[in-house]
Amino acid sequence: MHYDVVIIGAGMSGLAAGIRLAYYDYRVCVVERHHAVGGLNSYYKRGGREFDVGLHALTNFVPAGKRQTPLAKLLRQLRLSRNELDLAEQRYSEVSFPGRRLRFTNDIAVLTAQVAEEFPQEIDRFRRFLADVAEFEDTRLDQPHHSARSAMRESLHDPQLIEMLLCPVMYYGNAEEHDMDFTQFVTMFKSLFFEGFARPRGGVRAIIRALVKKYRSCKGELRIGDGVAGLEIRNNRVAGLTLDSGEQLTADIVISSAGHYETMQICQENGVTPDLPDTGAVSFVETICILDRTPADLGHEAAIVFFNDSEKFHYARPREPVDLRSGVLCCPNNYDRHKHLAEGIVRLTWLADFAPWMDADADTYVAMKQACFAKAIERAEAYLPRFREHVVDWDMFTPRTIERFTGHISGAVYGSPRKIRDGRTQYENLFICGTDQGFLGIIGAMLSGITVANLHVLSDS
């Protein structure tokens, strides 16, 4: 079977690339190994309850009418309406360090006022920093790698403020340990603070269903439960694809959302695998708790709290299964007071060492999850007191879960620390979109698929 374009992976970026190309009558096939689409940003049912995974917040939120923004561009390029996403705006979120909190909303003025209150000696420098970030051309695909920490120290003098600003940005989109690329930092900073958070009232399933419906309406083909086992390379091009089922496909162009390392791993040229790029080491454990009441009933109003228990923020693969020194507490009920959610929900995210989760046998793995749950709840009660007694159900995903459902080696959520901004690989007709292209977050992932489709397919037609 021959296609104009085959896209590997039916996550957000793969589906967005498929919609963009199918709309222009390209014969497109999106191939997904699993029986559910969305990648890590998906949902599942257990015990009669549906659990969202991946999505804490849709970043880049702006009100209707703001046209020159990532969200507006996405809706325009995919021919989606805002009503299809049914977004509820956050009320507020927080960054919490010992003795200091920075509250922020989808209005940058709120964060600026908080910095003025908590760090009065820094406010003029912070305003200049905001202006520099606003002017930085982070959408340029040829920006060189530059340390975010170094760039921030050139503008801001208080180390505590730098750590507090890095915490949410790193948690929501950084594949590097300890530091991050400044271009990546600016992209994420704008998406979190210049624009903001919202949540589809229907959860992540609302986005997935809208994308699949749009893709199929454009006559795109979606193959579920049959992934790509190998790519045959001849004359520096992908000459054929072999599916898990053994079926052979050919395509003029192949776009992979599986990750750079993972894609090169299935390339074969004269029986030889090419040199493999670096893979990432940043992974997470997340506990999803179902409560018999809402967090607001317990006096907790924030949508998301990014917390850290010391002045220094440590962002790296820990030396133990889970690092409880910092984390993210997300309360979906607190987006515009989601009255339609039947139960209270609390999601707790922590940095994790992938090795022990990968190596554990079945019994040990279950015991590790139980132990992690107990410690995580105890730690989180510093930010949401008394919620342990109201937990009626819970589940957890680990680096092992992430690797299983995304294919990312070692459960590296954000993939390789070195991104391929233009999507090119060493092979002429093979391109990368998604995590390893470098646009992160829900909106960023979809824009990644659109960008690669526009740059390497539509611009040549």
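Let me begin with charge: the protein carries 53 positive and 61 negative side chains, and the centres of these two sets lie 5 Å apart. Lys and Arg are counted as positive and Asp and Glu as negative, while His and the chain ends are left out; each charge is placed at NZ of Lys, CZ of Arg, CG of Asp or CD of Glu.

A word on the source. This is a predicted model, in which local features need pLDDT of at least 70 and side-chain atom pairs count only at pLDDT 80 or more, whereas totals for chains, interfaces and linings use all residues. Residues are numbered from 1 along each chain as its sequence is written, and side-chain values use heavy atoms, without hydrogens and water.

I turn to the overall form. The protein contains 14 helices and 19 strands, both being DSSP runs numbered from the N terminus (helices H or I, at least four residues; strands E, at least two). The C-alpha trace spans about 60 × 50 × 40 Å along its principal axes.

Of the 461 residues, 61% are buried, that is, under 20% relative accessible area, with exposed meaning over 50% and partly exposed in between (1.4 Å probe, protein chains only). Among contacts between residues at least 6 apart in sequence, 72% join residues at least 24 apart, a contact being heavy atoms within 4.5 Å.

Is D393 buried or exposed? With 15% relative accessibility, D393 counts as buried. Its side chain makes a polar contact of 2.6 Å with that of R46 and another of 3.1 Å with that of R49. A polar contact is a pair of N or O atoms within 3.5 Å; within protein, one must be able to donate a hydrogen and the other to accept it, and residues adjacent in sequence count only if both atoms are side-chain atoms. Beyond its neighbours within four places in sequence, D393 also touches residues including F51, I288, C289 and I290.

The other residue is V322, in strand β16, residues 322-330. V322 is buried, at 12% relative accessible area. Which residues does V322 contact, leaving aside neighbours within four places in sequence? They are W350, L351, A352 and C372. For L351, 29 residues away along the chain, the C-alpha separation from V322 is 5.9 Å.
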